[in-house]
Amino acid sequence: MKIALKNLTVSYQRHPAVHHASGEFALGDATAIFGPNGAGKSTLLKAMMGALKPDAGSVELSGLAVRDIAYLPQQSEIDRSLPVSVTDLVATGLWHESGAFGRMGRTGLARVAHALEQVGLTGFAARPISALSSGQFQRVLFARILVQDARLILLDEPFNAVDAKTTFDLLELVRQWKEEGRTVIAVLHDYEQVRAYFPYTLLMGREVIAWGTTETVLTDANLRRAVDRTASWHDKAPVCHTDEEAA
């Protein structure tokens, strides 16, 4: 298995949000994608998921099938007004086994119940997702990842606007996934969370500022570079040309 970026450039209206990023993620461990607002962190994660098409370069996910990848978007991107119960949402993590419209058997229901227990939501199975707090809803999304049983877990700002107790409980799940040998890649903006739970960090400033062990990446000098590089990009940044166009 290999998870790598190869000269990846992703643009909005041809203006680069992620510029010529290259590097390889540590397998079976946790990497934080860190940097200031506007650094291209979420854009990078969406490109890895295939939700955004690169302008140049590529994302290599060799040795992984679609079912092996779990993705948790930001809460603001999810419509919580849909008439869906907690059980129904968690059960979508079983799609690769039951199909898009398949029925859950007894085993599937048991896995959903166990996942809800793991995230501290026993007794919430029948509740509509619209009735949940932000913290409870995030626990449900983590339960969905648990039942999917994926080898690669991508998290986009998973602890944003979530209470401290929920954040701690879900970070402990990240620790559990590391111990199980899963690969976790998360967009984060909390310095202490990164240092405590993520041994590796990719520091972004629209481009790769530093990538490696967290203690060597999150230095004052690197953080200043990330802020400076991000601030130097703006909506009128030059159009990014591919190698073919430049030739």
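**Exercise 1.** In this predicted model, find the ring that the charged end of Arg127 sits over.

*Solution.* Now try another arginine. The charged end of Arg80 sits over the ring of Phe137, at 4.5 Å from the ring centre.

**Exercise 2.** Describe the geometry of the aromatic pair formed by Phe25 and Trp211, and work out which parts of the chain the pair ties together.

*Solution.* Step one: a ring pair is described by the distance of the centres and the angle of the planes. Step two: for Phe25 and Trp211 these are 4.7 Å and 65°. Edge-to-face requires over 60 degrees, and the pair is edge-to-face. Step three: Phe25 lies in the loop between β2 and β3, while Trp211 is in strand β9, so the pair joins parts 186 residues apart in sequence. Step four: check accessibility. Phe25 is buried at 3%, whereas Trp211 is partly exposed at 22%.

**Exercise 3.** Which residues of helix α9 are buried, and where do they lie around the axis?

*Solution.* Begin with the helix itself: α9 spans residues 220-232 and reaches 18 Å from its first C-alpha to its last. Its buried residues are Asn222, Ala226 and Thr230. They cover an arc of only 70° around the axis, which puts them on the same side of α9. Next, look at the packing partners: the buried residues of α9 pack against β8, β9 and α8. Finally, turn to the other side of α9, where Asp220, Arg224, Asp228 and Ala231 are exposed.

Terms used
Residues numbered from 1 in each chain as written. Predicted model: local features only at pLDDT ≥ 70, side-chain atom pairs only at ≥ 80, totals over all residues. Heavy atoms only, no water. Helix = DSSP H or I, 4+ residues; strand = E, 2+ residues; numbered from the N terminus. Expected span 1.5 Å × (residues − 1). Buried < 20%, exposed > 50% of the residue type's maximum accessible area, 1.4 Å probe, protein only. Arc of directions from axis to C-beta. Contact = heavy atoms within 4.5 Å. Phe/Tyr/Trp six-rings, centres within 6.5 Å; stacked < 30°, edge-to-face > 60°. Lys NZ or Arg CZ within 6 Å of the ring centre and 35° of its normal.
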